Amino acid sequence: MTITPPALSVFESLESEVRSYCRGWPAVFDRAQGARLTDEDGHSYLDFFAGAGSLNYGHNNPVLKRALIDYIERDGITHGLDMATTAKRAFLETFQNVILRPRDLPYKVMFPGPTGTNAVEAALKLARKVKGRESIVSFTNAFHGMSLGSLAVTGNAFKRAGAGIPLVHGTPMPFDNYLDGRVPDFLWFERLLEDQGSGLNKPAAVIVETVQGEGGINVARAEWLRALADLCRRRDMLLIVDDIQMGCGRTGAFFSFEEAGIVPDIVTVSKSISGYGLPLSLCLFKGELDVWEPGEHNGTFRGNNPAFVTATAALEAYWADGQMEKHTLARGEQVEQALLALCTEHGRLGASYRGRGLVWGLEFADPARASEVCARAFELGLLLETSGPQSEVVKLLPPLTITPEELDEGLRTLARAVAATV
Ligand SMILES: Cc1ncc(COP(=O)(O)O)c(C=O)c1O
């Protein structure tokens, strides 16, 4: 029998069984700053989770906090549907000047509801409207959100089963390296597209993550992404890159697809765009795709003004001078070195690693070991989550602003956690 400490009892008695993260981290968190959280008993935890990628600039980032406090204190607009506000104007202008224009990206900006899945639903709906077709192609182990449209293009069987109705109009194809490099890229996909007897309805769009975050830190090669973009162009399908978890600098560049040199037709952005953990989503698309009628895709919480304020401050502070990418790649190399050493030391565990920028995955021959490592890491004061269809991958997702010393501390704690499972 598990005995619930009194501090956790209301969560157990009142909050739904659906809760998940709090089960792996049985503490009541109270404060957070940068890469550290503190629980109500004063225990400190180093954060290698960063709000599932929503806190790329750390908790309560002082630059963003100052901008937010000033805005609230001067009674800036908090809720405004999609009305024009000074906060929204500042965000749009900064996003254009700091992100879109220097990268020569031809996007218009749509604000759907505030969460990532809202942006995915908007992207799918727009692609279907533009092409007049219902079918969407997604990839094995993809994760795009929990609402029905997003679930239909998500791979995970457990999450799909929760829908309770058939999930239709989505067809999965093998992600990069799904077939262990034994089959030429897109052989199956191309064959289905050209064969009138294949049973595949002509797709409106293909939706892809450049690195599958929830699916197990599966990294698509740049040449695979380029071949996918080329396939979409040749076959008249729109290319949607879901950059909700891997965008906002997680892989180095602001957009994760920049390294491949492709320009997707539609891009979804959320998680770290506000920079402060405040909900905000964007659906970006090429100007010629802007076929929406006014109000055709609506919602009460589109355009979260306090989130515009912190998003603008984040873009100005971290992206205007081009330094962020270099910092992230340097920290990424630090992680890679540590994982190499760890896997070499624990060769008997069949450990391997993969990643890009500052998102890394560590896998063991025994899938259950990943959860054990995360449990030991929590006891040692490090927050780490698993990913992958069997939770078989330890996922490292620290804030991009973490210092080299903090990163080193977390990596050493990870090594101790692994050793504790041997
Ligand atoms: C790639 C990707 N798309 C969509 C989502 C859904 O975002 P949200 O949980 O904010 O709805 C996530 C969340 O993890 C994600 O990683």
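This report describes selected helices and residues of a predicted model.

## Helices α4 and α11

Two packed helices are described by the angle between their axes and the distance between the axes. For helix α4 (residues 62-73) and helix α11 (residues 305-319), the axes come within 9 Å and cross at roughly 140°. The crossing of α4 past α11 is right-handed.

On the α4 side, the contact is made by V63, L64, A67, L68 and Y71. On the α11 side, the contributors are N305, P306, V309, T310, A313, A314, A317 and Y318. Sorted by class, this contact has 11 nonpolar residues, 2 polar residues and no charged ones.

## T312 in helix α11

Helix α11 also holds T312. Is T312 buried or exposed? Its relative accessible area is 8%, and the cut-off for buried is under 20%, so T312 is buried. Apart from residues up to four places away in sequence, T312 touches A87, A90, F91 and T94. T312 and E17 are 295 residues apart in sequence, and their C-alpha atoms are 37 Å apart in space.

## Helix α14

Helix α14 (residues 404-420) has 17 residues, which should span 24 Å at 1.5 Å a residue. The end C-alpha atoms of α14 are 24 Å apart, which agrees with that expectation.

Which residues of α14 are buried? They are E406, L407, G410, L411, T413, L414, A417 and V418. Seen down the axis of α14, the buried residues fall within an arc of 160°, so they line one face of the helix. An α-helix has 3.6 residues a turn, so residues three or four places apart point the same way. On the other side of α14, the residues E405, R412 and R416 are exposed.

## Helix α6

Helix α6 (residues 116-131) has 16 residues. From its first C-alpha to its last, α6 reaches 23 Å, close to the 22 Å expected at 1.5 Å a residue. The buried residues of α6 are G116, T117, A119, V120, A122, A123, L124, L126 and A127. After α6 comes G132, which has a positive phi, near 65°.

Most residues other than glycine have a negative phi. N141 is not a glycine, yet its phi is positive, about 65°. N141 lies in the loop between β5 (136-139) and α7 (148-151). With a relative accessibility of 25%, N141 counts as partly exposed.

C248 is not a glycine either, and it has a positive phi of about 55°. Where is C248 placed? It is in the loop between β10 (238-242) and β11 (266-269). C248 counts as buried, at 1% relative accessibility.

What does C248 touch, not counting residues up to four places away in sequence? It touches N56, Y57, F254, V269, S270, S272, I273, W319 and L400. One of these, Y57, is 191 residues from C248 in sequence, while the two are 9.9 Å apart in space, C-alpha to C-alpha.

## T386 in strand β16

T386 lies in strand β16 (residues 385-387). T386 counts as buried, with a relative accessibility of 13%. Leaving aside neighbours within four places in sequence, T386 is in contact with A370, S371, C374, S391, V393 and K395.

Definitions and conventions. Residues are numbered from 1 along each chain as its sequence is written. This is a predicted model: local features need pLDDT of at least 70, side-chain atom pairs count only at pLDDT 80 or more; totals for chains, interfaces and linings use all residues. Side-chain values use heavy atoms; hydrogens and water are left out. Axes are lines fitted to C-alpha atoms, for helices over the stretch in contact, and angles run from 0 to 180 degrees between N-to-C directions. Helices (H or I, at least four residues) and strands (E, at least two) are DSSP runs, numbered from the N terminus. A crossing is left-handed if the near helix is turned anticlockwise from the far one by less than a right angle, and right-handed if clockwise. Contact means heavy atoms within 4.5 Å. Ala, Val, Leu, Ile, Met, Phe, Trp, Tyr, Cys and Pro count as nonpolar, Asp, Glu, Lys and Arg as charged, and the others, Gly among them, as polar. The expected span of a helix is 1.5 Å times one less than its number of residues. Buried means under 20% relative accessible area, exposed over 50%, partly exposed in between (1.4 Å probe, protein chains only). The arc is that of the directions from the helix axis to the C-beta atoms.
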